[in-house]
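User: Please take me through this protein chain in a series of questions, from the whole fold down to single residues.

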Amino acid sequence: MKKIFIAISLLGFTACDQDKLLHTVPPTQLSSADVFNTPQRIEALVNGIYKAIKNSSLYGGRYLLYNDVRGEDFINITGNTFTGYESWNNSYSSGSNDIINLWSAGYTTINQANILIDGLGQSKGVISESQAAAYIGEAKFLRALTYYSLVTVYARPYADKEGQNPGLPLRLLAETTPANNDLARSSVAEVYQQIIKDLDDAEASLPANYSTALLNTTRAHRNTAIALKTRVYLTLGKWDKVVEEARKIVPQIQSPFKATSGVNHELQDVVQIFQNNFTTTESIFSMPFSSLDNLGGQSAIAYIYNTNSEYHLNPTGIFGDPQWGERDARRQWLRINNGRAFLAKFGSTAPFLNYIPVIRYSEVLLNYAEALVRKGELSLSKTLVEAVHHRSDPNYSFQSTTAQGLLESIWKERRIELLGEGFRSNDLLRNLLPIPQKGSASLTAGRVDPHDENYIFPLSNAEIATNKAL
């Protein structure tokens with residue numbers, strides 16, 4: 001009845017009056033023309049992209065969780081479908097919460113980046129050209145990171161047919177209506193081409209650094225884009241490009257390794273970076289939290305791993321490997337309870353304020369080390385992996401004398417150093433390795449081979465239902 005009354009009432013206005021009424025912007029909202037008309041509003045849009053990528057289903061923690069528990073290093077205890085059990089068990093469907101929520105969070109972030117890029121291209125003179133270029137660089141970096149995160153889980157690995165398998169709908173336009181919702185999937189290779197293009201553009205336009213350690217950790221700068229490129233090229237198996245990018249921020253050939261331009265990234269105390277100081281120069285890019293901005297309950301990765309103790313480390317996984325010795329300081333990342341080890345990297349009690357790392361300098365060194373060993377350059381490769389390991393266990397000696405032996409040591413080092421940070425699944429998939437069987441007496445997850453349908457996530461049912469071109 002209310003709708004009918006409004007419709008009838010409109011008939012009493014002149015055409016001009018109706019037009020004014022129908023196009024009036026409510027005082028609590030902004031028209032698209034107004035969003036880009038002040039520097040403060042533009043900055044708020046930039047901050048909004050960072051807020052979007054920090055969604056609990058994306059880099060707020062769940063994306064990391066899904067990727068790690070799919071591997072063999074965690075054992076599920078609860079069977080709770082709301083805290084990643086389907087990912088652990090590789091039993092998801094297009095309608096699973098994990099699948100739908102991750103997809104939605106990713107494309108929301110991408111669209112917000114697209115809106116900023118498009119809007120700044122049309123709104124000249126509100127901010128300086130250099131500031132606009134820097135903001136666009138941040139948006140492109142965040143878009144690239146998000147597309148990389150999605151393509152590595154929802155599409156076949158690049159190593160399978162050199163990226164010629166179907167990838168993702170490659171959305172590069174600002175969408176404010178459903179008009180362009182129907183969009184076919186680009187190939188995996190085409191998605192990666194866009195990721196690299198965005199990162200190259202970002203490197204060229206991002207600032208070398210910011211005025212504080214907090215901003216250097218939580219906003220993209222030039223070295224952030226370079227560091228992510230080492231990860232992307234490693235996933236593509238382009239070893240020469242990994243080396244080329246890594247050398248920009250790892251110019252030395254012996255330890256201590258340190259970036260000498262932009263932010264001076266280098267390794268830091270391995271325990272402190274997760275307990276007391278989240279903004280050291282090791283932390284290239286992290287998701288920040290504060291007392292007024294944090295995740296709680298099942299949305300918080302710390303709650304899942306530690307407080308509620310839903311996953312413990314597999315005693316036959318990396319936790320039981322001799323490379324992770326008892327004297328290794330990284331054992332302090334764990335909480336032992338009744339003989340079980342629980343990951344405590346992200347904190348234990350609410351409010352959960354530990355920053356979530358997205359890129360660390362140690363990862364760059366390990367990316368560089370793997371690319372070098374693939375190229376047959378064993379000496380520097382070994383020096384790099386030793387630099388990562390020896391800061392927490394200086395007495396350990398790598399005995400590998402062959403390329404394959406050193407490669408396997410690097411893979412193990414990644415499982416130790418990057419535990420819980422969202423790498424294990426992709427490290428298996430990019431090498432077309434099976435996802436190993438794992439489990440306990442009550443809950444088990446079978447082996448998943450590269451040719452199996454559940455080797456990757458299915459596309460989101462929400463996308464399937466609304467995108468007719470899919």
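**Surface, fold and selected residues**

Analyst: The protein exposes about 19,800 Å², of which carbon and sulfur atoms supply 52%; accessible areas come from the Shrake-Rupley method with a 1.4 Å probe, and for residues only the protein chains shown count as cover. This is a predicted model, in which local features need pLDDT of at least 70 and side-chain atom pairs count only at pLDDT 80 or more, while totals for chains, interfaces and linings use all residues. Residues are numbered from 1 along each chain as its sequence is written, and side-chain values use heavy atoms, with hydrogens and water left out.

User: What radius of gyration does the protein have, and what would a compact globule have with 470 residues?

Analyst: The C-alpha trace spans about 85 × 50 × 45 Å along its principal axes. The radius of gyration is taken over C-alpha atoms, and the globule rule is 2.2 Å times the number of residues to the power 0.38. For 470 residues a compact globule would be near 23 Å, and the protein agrees with this, having 23 Å.

User: What share of the residues is buried?

Analyst: Buried means under 20% relative accessible area, exposed over 50%, and partly exposed in between (1.4 Å probe, protein chains only). The secondary structure comes to 18 helices and 10 strands; helices (H or I, at least four residues) and strands (E, at least two) are DSSP runs, numbered from the N terminus. Of the 470 residues, the buried share is 54%.

User: Which residues have the most contacts inside the largest nonpolar core?

Analyst: A nonpolar core is a set of buried Ala, Val, Leu, Ile, Met, Phe, Trp, Tyr and Cys residues joined through side-chain atoms within 4.5 Å. In soluble globular proteins, nonpolar side chains tend to be buried together. The largest core here has 119 residues, and those with the most contacts inside it are Phe141, Tyr154 and Ile195.

User: Which element gives this core its largest share?

Analyst: One of the residues with the most contacts inside the core is Ile195. Ile195 touches Ala144, Tyr147, Tyr148, Val151 and Val232, not counting residues up to four places away in sequence; contact means heavy atoms within 4.5 Å. The largest share of the core, 13 residues, comes from H8.

User: Which backbone oxygen does the side chain of Thr152 reach?

Analyst: Thr152 lies in helix H8 (residues 129-154) and counts as buried because its relative accessibility is 6%. A polar contact is a pair of N or O atoms within 3.5 Å; within protein, one must be able to donate a hydrogen and the other to accept it, and residues adjacent in sequence count only if both atoms are side-chain atoms. The Thr152 side chain makes such a contact with the side chain of Tyr63 at 3.3 Å. At 2.9 Å, it also reaches the backbone oxygen of Tyr148.

User: How far apart in space are Ile359 and Arg231, C-alpha to C-alpha?

Analyst: Ile359 is buried, because its relative accessibility is 1%. Its contacts beyond four places in sequence include Phe141, Thr224 and Arg231. Ile359 and Arg231 are 128 residues apart in sequence, and their C-alpha separation is 9.2 Å.

User: Is Leu432, which has a positive phi, buried or partly exposed?

Analyst: Leu432 has phi near 55° and lies in the loop between helix H17 (424-430) and strand S9 (438-439). Asn90 also has phi near 55°, and a relative accessible area of 5% makes Asn90 buried. For Leu432 the relative accessible area is 32%, so Leu432 is partly exposed.

User: Which side chain forms a polar contact of 2.4 Å with that of Glu417?

Analyst: Glu417 belongs to helix H16 (residues 403-417) and, at 0% relative accessibility, counts as buried. Residues in contact with Glu417 beyond four places in sequence include Arg330, Lys345 and Arg360. The side chain in the 2.4 Å polar contact belongs to Arg391.
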